[in-house]
Amino acid sequence: MTNVLLSSKNLSHHYGSQVGCIDVSFDIYPGEVLGVVGESGSGKTTLLKNISGLLQPSSGSVKFDTRVDGLKDIYLLSEPERRLLMRTDWGVVFQNARDGLRMNVSAGANVGERLMAIGARNYRDIRNEATDWLQNVEIGLERMDHYPETFSGGMLQRLQIARNLVTKPRLVFMDEPTSGLDVSVQARLLDLIRGLVSQLGIACVIVSHDLGVMRLLSNRLIVMHKGRVVEKGLTDQVLDDPQHPYTQLLVSSILPV
Amino acid sequence: MEKIKDDMLRIDNLAKTFLLHNQGAKKLPVFQNISFQVKAGECLVLTGASGTGKSTLLRAIYANYLVQSGTINIRHENKWVDLASASPHEVLDIRKKTLGYVSQFLRVIPRISTIDLVCEPLIVQGKLIKPAKAQAKKLLNKLSIPKSLWDLPPATFSGGEQQRVNIARTLIQDYPILLLDEPTASLDEKNRDAVIELINEARNRGTAIVGIFHDTYVRESVGTKMFNVELAKKAA
């Protein structure tokens, strides 16, 4: 078995007296997709922020397998070390693509600047790589020099994914990557994410309340309820034979099409 | 000693109960004390009336359902692994290399072409796209899926066509152990015979098979032994 990529131990977060998440522990291995489901307010996004270095948890630890020193607590790294990690080994895909893109530079530059951030300097190489990635996410090259402001919601989300994957991160965090998109765009995006993740062997943590998305994308599932993990296991097992009352309710509430 | 070597799958004292929390904690016992072994090259047919838990048993063996007690020992890369207590990562690895499952219905990502769906298991294994596609085409031909459909997603196909795509998706790989849930249920005679041939080819290669077949003809053509789930439940 390969080494753990990211390990969360007894993670808790409180907003004053409000509970974010309580006592969450799990490991992520290279190349696997971990889904986090639960209703809104169950602590999914708090957890995602905690493990992606955006929000220091109230207690508990988040360790990442750094290239040089192996497993290290990300909140004990120095600020420059953590920023380097976020630029190189991690990607974050936000629910609202505008949060993850720079709206005042062109689509091509949005992808290219991530390469520059890790040291690429040759303009032609950067442009070629950006071109490849826009093609990967099915954005027409005639749109390369346009501002994201002129893009549709689905295109923005695909651009955000290209911006994140261009540096070939080892771990990508995605917060509701397909919600807010119409279903036809959603299906294409799901296929795209799945293809890219399996081709590049990227590990992924995906937060979503859409169980259909989870069945197709994730290998393993964590179910959150009122800040706690109430069930975890193989995705198909959790969805087909849920054990916890809340998961049973969640699964039985899916509307048939 | 030789006999023990041949076993591929060993089920011991398996029990499954569904607990429905949101229906007043209703308990639905499905089966208990189920035990059997399957050797390489054998095809065990699960029998019993509809609703006796044959599909549930098959899903439990695939670790799709959790069991309350008992063990499901699988011979995986020459080691015995108990699926009932294996970690999710072990289960995924076993499903990838050792244990194949043909479900009753096809469930896949929308908008992916049939040919890509069928060769996907080989691509995941690291096989190159070209030989994988060639193999997929051969199989689709054998199962009489018209060439004109290969580039289309199977969502609009007939029930029988979808079922054959589902079979192709699993049988494209040489799994040492196969679980088949009614693979011929909605097929006409010609396609039924093609599936029987594929199953028997796999069995002759040494695949251990557990299957549910309602059709007596299919049962007699592929089965080498029977296991009556209903009687086993009564005995328990």
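User: What makes chain B a partner of chain A in this model?
Analyst: The model is predicted. In it, 16 residues of chain B are in contact with 22 residues of chain A. Contact here requires C-beta atoms within 7 Å.

User: Which element gives the largest share of the side of chain B that touches chain A?
Analyst: Helix H3 (residues 88-97) of chain B does, with 4 residues.

User: How does the side of chain B that touches chain A divide by class?
Analyst: It has 11 nonpolar, 4 polar and 1 charged residues.

User: What scores does the predictor give the complex?
Analyst: The ipTM is 0.89 and the pTM is 0.89.

User: How do you know which parts of chain B to read with care?
Analyst: Look at pLDDT. Chain B averages 92, and 97% of its residues score at least 70. Over residues 1-5 of chain B, pLDDT stays under 50. The model has 0 contacts beyond four places in sequence for residues 1-5 of chain B. Where pLDDT is low, predicted coordinates should not be read in detail.

User: Why does the radius of gyration of chain B agree with that of a compact globule?
Analyst: Chain B has a radius of gyration of 18 Å. A compact globule with 236 residues would be near 18 Å, so the value agrees. The C-alpha atoms of chain B fill a box of roughly 50 × 45 × 35 Å along the principal axes.

User: How many helices and strands are there in chain B?
Analyst: Chain B has 9 helices and 9 strands.

User: Why are H4(B) and H6(B) called roughly parallel?
Analyst: Helix H4 (residues 114-124) and helix H6 (residues 159-171) of chain B pack at about 30 degrees. Angles under 35 degrees count as roughly parallel. H4(B) and H6(B) are therefore roughly parallel to each other. Their axes are 7 Å apart.

User: Which residues of H4(B) and H6(B) meet?
Analyst: From H4(B) come B:Thr114, B:Leu117, B:Val118 and B:Pro121. They meet B:Val165, B:Ala168 and B:Arg169 in H6(B). By class, this contact divides into 5 nonpolar, 1 polar and 1 charged.

User: How do you know that S1 and S2 of chain B pair?
Analyst: Pairing takes at least two bridges. Strand S1 (residues 7-20) of chain B is joined to S2(B) by 10 bridges, and the two run antiparallel.

User: What is the strand order of the open sheet in chain A?
Analyst: The order is S2-S1-S4-S5 (chain A), and the pairing is antiparallel. S2 and strand S5 (70-73) of chain A are the edge strands.

Note on methods
Residues numbered from 1 in each chain as written. Chains lettered and ligands numbered in written order. Predicted model: local features only at pLDDT ≥ 70, side-chain atom pairs only at ≥ 80, totals over all residues. Contact = placed C-beta atoms within 7 Å. Nonpolar A, V, L, I, M, F, W, Y, C, P; charged D, E, K, R; others polar. pLDDT = per-residue confidence, 0-100. Axes fitted to C-alpha atoms, helices over the stretch in contact; angles between N-to-C directions. Parallel < 35°, antiparallel > 145°, perpendicular 65-115°, else oblique. Rg over C-alpha atoms; globule rule 2.2 N^0.38 Å.
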